[in-house]
Every structure is written in structure tokens, then in C-alpha cells.
Amino acid sequence: ANYQRTMSPVIRASFANSLKLSAVTAALGVLLGTLSGYALMNVRNALFRGAATALADVATNFGGAPLAFAFIVTLGSTGFITLLLLKLFGIALYPTFRIYSVTGLVLAYLYFQLPLMILLVQPSLRGLRQEWKEAALNLGASEGQYWLRVALPILTPSLVGGFLLLFANSYGAYATAWTLTGPDINLVTIRIAAL
């Protein structure tokens, strides 16, 4: 009887929603986190680079209800950024955008997914040797070919591992989703809490 209950349409939909949300935030986190990590590594100012890495470390651990409240205060219907955009530029976020939706949840999840990926990918990016790039360019490869045929295959295990970690991180998140959207979005963690 318990297994039959788990196959109800509501439970199946919660699994589908959680899988989609986790896949989207993990993919965006890997893409944006890798690009941000690479950009951060190429910053010449060591003080700025260290401060940005420390900020990423702090942001990675900022989640749950405090993160949701921060997003509500910032991008809610009467949030600081929402009102600022309306007053200064005449841009009305609402009703087109809602922080209490799947899109808002993606933004909130990316807040802790992106810095986590930056921290995860930096050691792998540091492992790319300048000599490999120079050798590829001397052998006639373009910059794009170097990234496609040399750097990307070397980075692939880290990127796949980062994707899986971000996926699990997103899939298991409960407090942020509940505080931001309540029962409006059907996710596995919210279903488990409801049971």
C-alpha cells in the first residue's frame, strides 16, 4: 500500500519537478561557475582574487530560510531591487517575474550553486598548464580548438563531478524552496516534509 501511494500522480510530479529543477540549476551552475572561476583565476589583483574566493566560500554556505528571506526582501513584489528598478528606470518586474515561482527558485538556488562550482572548478583550472596551450597553438590549433580538444577533455571529470554534486545539492534543498514558495511548487523534499 505504501509503494502504491508513492506512485500517485502528485508524488510522481514532485519527482519530475525536482529532477528538472536540479538539472537546470546544476547545468547553469556548471556553465556559469566554470566561466566565473576561469575569469576569477585570470584576475591579476591577488587581493581581489582572494576576496572574491572568500565571498564564494561564504555564499556557498548561505542557504535555507535566510537565503529565501534575503531574496524576498531584494526581489519580492515590494523588494529593494524591484522598487529601485521601478522608480529609477520604470521597469516593472511584476507581474512578469515572480520570485515566488520556479524562476525565482532557480535564481535562489543559483546563489549557492554558482559559488560552489567556482570553488570546485578552480583546482582543475589551475591544473591546465600554459605549455599545453602554447604547444597546441604552435601546432596550428586555434584558441577554440585548444579549449575543445585539449582543455575540455582534461576538465570533463571535474565538470561532471561538479554537475553531480550541484544536482544533489539542489535536489536535497528544502528550506529555501519551502520558505520561498511554500506548497505552491511540488518538490520531493516538500512532499517528504508533508508526509
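Reader: What share of the 195 residues in the protein chain do buried residues make up?

Author: Buried residues are 33% of the 195 in the protein chain, where buried means under 20% relative accessible area, exposed over 50% and partly exposed in between, with a 1.4 Å probe and protein chains only. The model is a predicted one, in which local features need pLDDT of at least 70 and side-chain atom pairs count only at pLDDT 80 or more, while totals for chains, interfaces and linings use all residues. Residues are numbered from 1 along each chain as its sequence is written, and side-chain values use heavy atoms, with hydrogens and water left out.

Reader: Why is S170 called buried?

Author: S170 has 3% relative accessibility, so S170 counts as buried. S170 is found in helix 8. Neighbours within four places in sequence aside, S170 is in contact with L21, S22, T25, Y109 and Q113, where contact means heavy atoms within 4.5 Å.

Reader: Which class does V102 fall in, at 45% relative accessibility?

Author: At 45%, V102 counts as partly exposed. V102 lies in helix 6 and, with neighbours within four places left aside, is in contact with L21 and I185.

Reader: Why are helix 2 and helix 8 called oblique to each other?

Author: The axes of helix 2 (residues 9–41) and helix 8 (residues 143–171) cross at roughly 135 degrees and come within 8 Å. Under 35 degrees counts as roughly parallel, over 145 as roughly antiparallel, 65 to 115 as roughly perpendicular and the rest as oblique. Helix 2 and helix 8 are therefore oblique. By class, their contact has 14 nonpolar, seven polar and no charged residues.

Reader: What makes helix 7 and helix 8 parallel, antiparallel, perpendicular or oblique?

Author: The axes of helix 7 (residues 130–138) and helix 8 cross at roughly 140 degrees and come within 10 Å. Helix 7 and helix 8 are therefore oblique. W132, K133, A136 and L137 in helix 7 meet E143, Y146, V150 and I154 in helix 8. By class, this contact has six nonpolar, no polar and two charged residues.

Reader: What is the largest nonpolar core, and which residues have the most contacts inside it?

Author: The largest nonpolar core has 20 residues, and L105, Y109 and L187 have the most contacts inside it. Such a core is a set of buried Ala, Val, Leu, Ile, Met, Phe, Trp, Tyr and Cys residues joined through side-chain atoms within 4.5 Å. Helix 4 (64–75), helix 6 (102–127) and helix 9 (175–181) are the elements giving two or more residues to this core. Helix 6 gives the largest share, six residues. Apart from this core lies another, of 13 residues, among them V30, V121, L125 and Y146.

Reader: How do you know that the peptide bond from Y94 to P95 is cis or trans?

Author: Omega is near 10 degrees, and the bond from Y94 to P95 is cis. P95 lies in the loop between helix 5 (80–89) and helix 6.

Conventions:
Axes are lines fitted to C-alpha atoms, for helices over the stretch in contact, and angles run from 0 to 180 degrees between N-to-C directions. Helices (H or I, at least four residues) and strands (E, at least two) are DSSP runs, numbered from the N terminus. Ala, Val, Leu, Ile, Met, Phe, Trp, Tyr, Cys and Pro count as nonpolar, Asp, Glu, Lys and Arg as charged, and the others, Gly among them, as polar.
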